[in-house]
Amino acid sequence: MTADRSIGILGLGTMGRSLALNFRDRGIAVVGGDPAESARRAAAAAGLAVLADPAALVAALARPRRILLVVPAGPPVDAALDLLLPLLAPGDVVIDGGNSHWRDSARRAARLEARGLAFVGLGISGGEEGARHGPALMAGASVEVWETIRPLLEPIAARAEDGEPCCARFGPAPAGHLVKTVHNGIEYAVMQALAEVVDLAGRGHGLDLSAIADLLEGWARGPCGGFLLETAIRVLRTVDPESGRPLLAFVRDRAEQKGTGGWTAIEALELGVAAPTLIEAVQARSLSAFPPRVELARTLPRPARAAPAGRPEDLEGALLATLLGAHAQGFALLAAARDERGWPEDPGRIARTWRAGCILRGALLEPIARAFARDPALPFLLLDEELLALLLSGLADLRTAVEDGARTGVPLPAMAASLAWLDALASARLPADLIQAMRDRFGAHGFERIDRPGRHHDLWLGT
Ligand code: 6PG
């Protein structure tokens, strides 16, 4: 093979193979490699150029070489770098397309830069289908390196309805993975909110799965519409061929997680951003997998059967308020990271990049993108009139749904957290005054007064 391939892909699992086919279909010369023979064979059977030896793969690339890693996040990325580094020359570019932590990407970028190599952290969203036909791509790279890889990445990316490629650079190397991580944090919240709607519609309102699918179907063209709603509908409608019953009835109710939702929660806690809906979505997965739950489900009392006050169709408003709240919290987190580190840049472009190809794609991204078009420096989504009006249109329904959850004993952690968050935002005065006073009483931490400037202290003697 002559050294004329535009990009090499290391890691030919489902995602790597799908991305390689996507490059090939766009006329971009690609060569792939993988240590596993079965992965190489599957890729070759799909018509891809495959080389077993990493040195041969590197040698097949035009200079400067660009290599996309599609390996699991964590140690496999470092192992791939260990393998590649001795084979590369200054100016070559390694792109990590996994769900890596942004701090790892910062470390890896420094490691490569010390050798004159470039590192790109690339968040890729859209699953297998997206990888094959158009994912959303969230990049972190230097401006110079970005301009050299952009002509390779833009053609394989999804396009929004207005034709803009869902592929952008959001700052230096770690920025892309932070944007992808927060995308996933919001993804967890949307999935949890959908699960809560289905649970309340089922256990609270007494609908069966097929009636719930019909209910959700009616929302598909509204503001809650999107890939995840459609996915939920498909799941609800799928029948187990053996029993003829809904397949969902046979799925163990223990949610797994690979880390990005938790990283988003940790990021919010570290940056001091209130993101309770995103955090509750992670906690709900952990609680679902908490072993004592099974035993306690037999002993803990449940509320006496009570009829919900709301109607099933009103759950759309509750879902809308929760989804918008989750997006607002995610963008607030990105804004706080930007204040702290200078990136990720361009929140409007982040919203536009999430309009197609990615798991979050859905109707809500259009008004969010419009809000940033009106004010590119919008610090918080709910300060935009259109978005606030949209959220307010579902607020009463959210309150009713949370009341119904409490009344019927259906846990709604994401929805309840969203409602409490909104009620806090709507409160001119919060009980944080008591917290400050108690801190000052036992720790002499001081407090601010609202009637005069400066820091104050009192012994709080109670007299
Ligand atoms: C995507 C997805 C994808 C995957 C995550 C979340 O954007 O294509 O976010 O990356 O769904 O790995 O996985 P977990 O739910 O296992 O954490």
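## The largest cavity

Let's begin inside the protein: its largest cavity has a volume of about 140 Å³. This is a predicted model. The largest cavity is lined by 19 residues, and Val190, Cys224, Gly225, Leu323 and Leu360 are the closest to its centre. Helices H8, H10 (227-237) and H14 (315-341) each give two or more residues to this lining.

What classes of residue make up the lining of the largest cavity? There are 14 nonpolar residues, four polar and one charged.

## Around the ligand

Now look at the ligand, which takes up the space of the second largest pocket. It is surrounded by 13 residues, and the closest are Ser125, Glu187, Tyr188, Lys258 and Arg285. Helix H8 (residues 173-204) supplies the largest share of this shell, five residues. The shell has two nonpolar, seven polar and four charged residues.

Several atoms pair up with oxygen atoms of the ligand. A polar side-chain atom of tyrosine 188 lies 2.4 Å from one, and an N or O atom in the side chain of lysine 180 is 2.9 Å from one. For glycine 126, a backbone N or O atom lies 3.0 Å from a ligand oxygen. On its own the ligand has 410 Å² of accessible area, and the protein covers 80% of that.

Notes: Residues are numbered from 1 along each chain as its sequence is written. This is a predicted model: local features need pLDDT of at least 70, side-chain atom pairs count only at pLDDT 80 or more; totals for chains, interfaces and linings use all residues. Side-chain values use heavy atoms; hydrogens and water are left out. A residue is near a molecule or strand if one of its heavy atoms lies within 4 Å of it. A polar contact is a pair of N or O atoms within 3.5 Å; within protein, one must be able to donate a hydrogen and the other to accept it, and residues adjacent in sequence count only if both atoms are side-chain atoms. Accessible areas come from the Shrake-Rupley method with a 1.4 Å probe; for residues, only the protein chains shown count as cover. On a 1 Å grid over the protein atoms alone, a cavity is a set of points where a 1.4 Å probe fits but cannot get out, and a pocket is an open set with protein on both sides within 12 Å along at least five of seven lines; lining residues have an atom within 4 Å of a point. A molecule sits in a cavity or pocket if more than half of its atoms lie within 2 Å of its grid points. Helices (H or I, at least four residues) and strands (E, at least two) are DSSP runs, numbered from the N terminus. Ala, Val, Leu, Ile, Met, Phe, Trp, Tyr, Cys and Pro count as nonpolar, Asp, Glu, Lys and Arg as charged, and the others, Gly among them, as polar. Grid points are joined across faces, edges and corners, and a volume is the space filled by probe spheres set on the points.
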